[in-house]
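Here are a few friendly notes to read with the model open beside you. Take the points one at a time and find each residue as you go.

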Amino acid sequence: MAKLKISRSTLMRRTRDCEHSPYKKAVIHDGARRLYYRLELWDKFMEYRTDKYYEEIYGIESIRDRSVI
């Protein structure tokens, strides 16, 4: 949490979102209470989440094509 600079509740909410996304392998469960994160995949998930937000809010569909940026 400290490395990501977010609260525990925000982390848990984003973890649930990540587990239902194409980047679900970013979250590693070690038992019922311990989670590990693959930070390189977590960063990609956060980019995906941002792109999805802009698509929903502004109706921008081509934002996933990062080659134009």
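1. Start with Ser21, which touches Phe45 and Tyr48, leaving aside residues up to four places away in sequence; contact means heavy atoms within 4.5 Å. This is a predicted model, where local features need pLDDT of at least 70, side-chain atom pairs count only at pLDDT 80 or more, and totals for chains, interfaces and linings use all residues. Residues are numbered from 1 along each chain as its sequence is written, and side-chain values use heavy atoms, with hydrogens and water left out.

2. Ser21 sits in the loop between helix H1 (8–19) and strand S1 (27–30). Helices (H or I, at least four residues) and strands (E, at least two) are DSSP runs, numbered from the N terminus. Ser21 counts as buried because its relative accessibility is 9%; buried means under 20% relative accessible area, exposed over 50%, and partly exposed in between (1.4 Å probe, protein chains only). A polar atom of the Ser21 side chain lies 2.8 Å from the backbone oxygen of Cys18.

3. Now look for the one salt bridge in the structure, a term for a side-chain nitrogen of Lys or Arg within 4 Å of a carboxyl oxygen of Asp or Glu. The side chains of Asp17 and Arg49 form it, at 3.9 Å from N to O. Asp17 lies in helix H1 and Arg49 in helix H2 (residues 39–58), so the pair ties together parts 32 residues apart in sequence. Asp17 is partly exposed at 38% relative accessibility, and Arg49 is partly exposed at 31%.

4. Finally, S1 and strand S2 (residues 34–37) run antiparallel, joined by four bridges; strands pair if DSSP finds at least two bridges between them. Val27 stands opposite Tyr37 in S2.

Notes. Polar contact = N/O pair within 3.5 Å; in protein donor to acceptor, adjacent residues only side chain to side chain.
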